[in-house]
Amino acid sequence: MKRALWTLAVLLSHWRRHPMQLATLLIGLISATALWSGVQALNQQARISYDRAAATFGGTRTAMLVASSGVTFPQKLFVDLRRAGWPVSPVLEGRIQIEGRSLRLMGIEPVTLPAEVGNAPTIGKASLQSFMTPPGEMLVAPETLADLKLAEGARPEASGTLLPPLRIQPNLVPGVLVVDIGIAQSLLKMPDQLSRLLIGKAAGKRAPLENVTGDKLRLVEPDAETDLERLTNSFHLNLTAFGLLSFFVGLFIVNSAIGLAFEQRLPVLRTLRACGVSARMLNVVLVLELVTLALAAGLIGLVCGYFIAGALLPDVAASLRGLYGAQIPGQLTLKPQWWFAGIAISILGALAAAATSLTKALRLPLLATAQPFAWQQAQRRWLTYQSALALAAFAGAGGFLWFGDSLLSGFAVLAALMLGAALILPMVLEVALSIGQRYAQQPLGVWFWADSRQQLSGLSLALMALLLALAVNVGVSTMVESFSRTFLVWLDGRLAADVYVNAANDDQAHEIKSWLRERPEVEAILPGGRADTQLAGAPIEVLGLPDHATYRDNWPLLQSADNAWTKLRPGNAALVSEQLARRLQLSVGDRIDVPASGGNWTLDVVGIYADYGNPKGQIAVNFAALTRRFPEIPLTRMGLRVAPANIPALISALKEKFGLDDRNVADQATMKAESTRIFNRTFSVTAALNTFTLAVAGIALLTSLLTLANSRLPQLAPLWAIGITRRQLAVIELLKTMSVALITTIFALPLGLLVAWCLLAIVNVKAFGWRLPFHLFPLQLLWLTGVAMAAALAASALPVIRLARMQPASLIRIFANER
Amino acid sequence: MTKDSPSVTGPVLYVTGLKKSYRTAGEEVAVLRGVNLTVSAGESVALTGESGSGKSTLLHLIAGLDAADGGEIRLADAEVSELSDAERAEMRRDRLGLVFQQFNLIPSLTVEDNLAFQSRIAGRHDAAWHSELVERLGLGRLLKRYPEQLSGGQQQRVAIGRALAIKPLLLLADEPTGNLDEDTADEVLALARDLVARSGCGFLMVTHSARLAATLDRQVNLHAGVIA
């Protein structure tokens, strides 16, 4: 034990003499742990929210009975099943409008509600009576209450009906209102109708389902994965990929710092071995030292990760809301597993990064070889080995691309591609630098290229990190810009009306329409409506479009049958959103059965349209047909065609006459600006992670250069002795770093475009169901090249300044005979 | 393009009253206490002395690698202590040849490029002289190799060739045979003496070996900070 402590003390003394190296090691571990655990905290937070949503009065976590056709079924079936011994509880679900906001209304029957329905909000005995007896209560999440700008106890109106007083239920999902089922049936105008029956786990004899309900109901088994989890998997996979990338980039720093410390401590390790410390003891102490450092760095990294997650959470929540309609609260709550996992990943990462050095220490020969390190031969072997691995990775990427057909295989293509590119980078640099050396005329030029080649093995990990960070930046930026350009064009088509109005209820909508018909400046009133239903087990929206030239001329269709808009008119045809068409493999000419209030509605697919940003599948049908099939839906939305000059006056008049606010009436420009703002916010988390990754790559380059700077002195001192000034040497060193960074950047650009293509053509299609056109943005590539060069310049600055200002004594020491 | 080799007859190096101290552990240690030394063109001088006597320090000061606290160093017509950092670099590049015990070759360059490196950056490359050096140093078959692929003796021959390729006024060598076995050391030193005589430059060599020192024209011993 004493020997181990002495050995540890000797090893630790290295860090006292090389504080910069220690800082490098800790920075690497802290960045790796912080970014990884930050991303994991975000994922965990989102999953907690999905669980909460899933458990809301029996989401997908509870077995249930639903109508075999149509969206609702008679309440009598519930009574029949209870009598037959089934422990079922009724639920009715629909949408209502409060203050112009569309909210999910859920009617429950608390007495029969199974006790094991997830972590559903409990309604205590005391409050049960007030919940069930008139006027009842309407449970609401605090976030929703704040959103509605109402206080607890308030009684808002919906479609002219006074609602029960609002009561806060902290665990409830935002956007959901819970009332007694009788109230829900009345509000949704669905007397004696139910959406589903939750099945409790109470044991007991029960008659077979078919004997009680015939074929009217079907059983839906509980699902471990919620709809939201399924929908958002791609988003979290994307976040995890970013986290992993940052983690590996951080480990590159650790690897370079540990590698250098090992080389510098080689004589000490030999001396310790010569003094009788066994190889095993030496390794145990080295591991102990590393674990101690990883533990300290891991804890700091976790705290940083917490702050990163806290800073990114609002953007992540906005992205999830924008893309999937998922509601994530803005406050971070973390489980103990997160802390343990963070520490574990820090320790494992440090051990992985130190694996090579530890193996070398285990096999360390007691006597140092007389020959200097044969870098030429070693480099050739290393380049050949890495290039072979790179080719294998590229082959893997090709295999995944050819045979894979899932989101995971899409990410596997990306991962293999990036791994291959990172591994082949040293060979690309070696070839480029060799060409430079071949054509160099001046001796300093020859040395410039030759020495850059020699430095490759020391810099390659940092350059790989830079390559990966840049490629991801180019790829993601190109994808986002392509999406943005497509989205804006698409938005122009979709928001074709000049003014959008959302009445508080149907009565007000009637009044507004009557008033508008009298206004000469209103060229057309385009009523809108939307119904929710299910298709192939997943929720979809049915959108009603009036038969009007505005849609025929502007609505962007990706594919369509001849006279598609005319075929829509009779009400037996539909346009299908791209993501729904891809999911159900629908094409023009196919037929679908959509559950409607009176039974299934058979529709011919006459066109496919882009519907970016919508987590749900959507179909568009004739408006009149929609209101016939779904008579209960609110008809409060409408678009107006108005000459641009008349818009401000009309909006003012609408506000004044009907008490509407900015949320209920908006012109096209405002709607577009709002949609664009939401779109941009959706990608702000990606932009932030992009910046983090690039910053970590910059740190990796800086730490590599700093650690290399010391071992470079024996190469630079003879040049100084020969008559090249320190300033000249510093400039040459700077140019060398900049040149390898430039070659890496040039290699990263096509790689990044390939990444963008993979994201657009594979990942997006699998994750969201839409394929976007690929656009090239030369200015953006130029900008990223500039950023990369600035990062390389910033990373080189410190070592270069140190070299330029280095005291001659430090350089003379290289020539000292007793080194 | 080839510059003419600086032609100097008589003394190439005057060192007068040279002083240098170092501060170690808060204490001032005087290494050189007034050194006087002259080396003439074509003359080879061995600088001996016990470890820590300041031999290497004296060599570094003459080469302009370090600055003296007092005294004068004159290389031909140039007063070294009056030169700026850049001018001292220029002096080393154009007028001095330096050889170290650790060889200090450039590992990323081949033998051929190492040999021609200094003469080319000094703009003093003389192809005929270069060929003669290659032949006399026996490096003809090693030109495409890298330093790591050479033995210690071969590496030191390359280092001597590099230093002499510019036809320096003065060749300074700090224990050039310290890493070599006796036979190789004799062989390398014989080559160095031969080439120094051929180029006509002055030669100042730091050595611990009395045997090797005896093979040079003159020996000076540094003791207690002065030439004894």
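Where pLDDT is low, the predicted coordinates should not be read in detail. Chain A as a whole averages a pLDDT of 82, and 89% of its residues score at least 70.

This is a predicted model, in which local features need pLDDT of at least 70 and side-chain atom pairs count only at pLDDT 80 or more, while totals for chains, interfaces and linings use all residues. Residues are numbered from 1 along each chain as its sequence is written, and chains are lettered from A and ligands numbered from 1 in the order in which they are written.

- Helix α10 of chain A covers residues 336–362, and its 27 residues reach 36 Å from the first C-alpha to the last, close to the 39 Å expected at 1.5 Å a residue, a span counted as 1.5 Å times one less than the number of residues.
- α10(A) bends by about 55° at Ala355(A), the bend being the angle between axes fitted to the seven residues ending at a residue and the seven starting there.
- Among the buried residues of α10(A) are Trp338(A), Ile345(A), Ile347(A) and Ala361(A), where buried means that 20 or more other C-beta atoms, placed from the backbone, lie within 10 Å of the residue's own.
- Helix α12 of chain A (residues 407–439) should span 48 Å because it has 33 residues at 1.5 Å each, and its end C-alpha atoms, 47 Å apart, agree with this.
- α12(A) bends by about 40° at Ile424(A), and the proline Pro426(A) follows within four residues.

**Where chain A meets chain B**

- Contacts join 25 residues of chain A to 30 residues of chain B.
- On the side of chain A that touches chain B, α11, α13, α21 and α24 each supply at least two residues, and α13(A) gives the most, with 8 residues.
- The residues on this side of chain A divide into 17 nonpolar, 6 polar and 2 charged, with Ala, Val, Leu, Ile, Met, Phe, Trp, Tyr, Cys and Pro counted as nonpolar, Asp, Glu, Lys and Arg as charged, and the others, Gly among them, as polar.

**Chain B**

- Chain B has 7 helices and 10 strands, which are DSSP runs numbered from the N terminus, with helices (H or I) of at least four residues and strands (E) of at least two.
- Of the 228 residues of chain B, 51% count as buried.

How values were computed:
Buried ≥ 20, exposed ≤ 12 C-beta atoms within 10 Å, placed from the backbone. pLDDT = per-residue confidence, 0-100. Contact = placed C-beta atoms within 7 Å.
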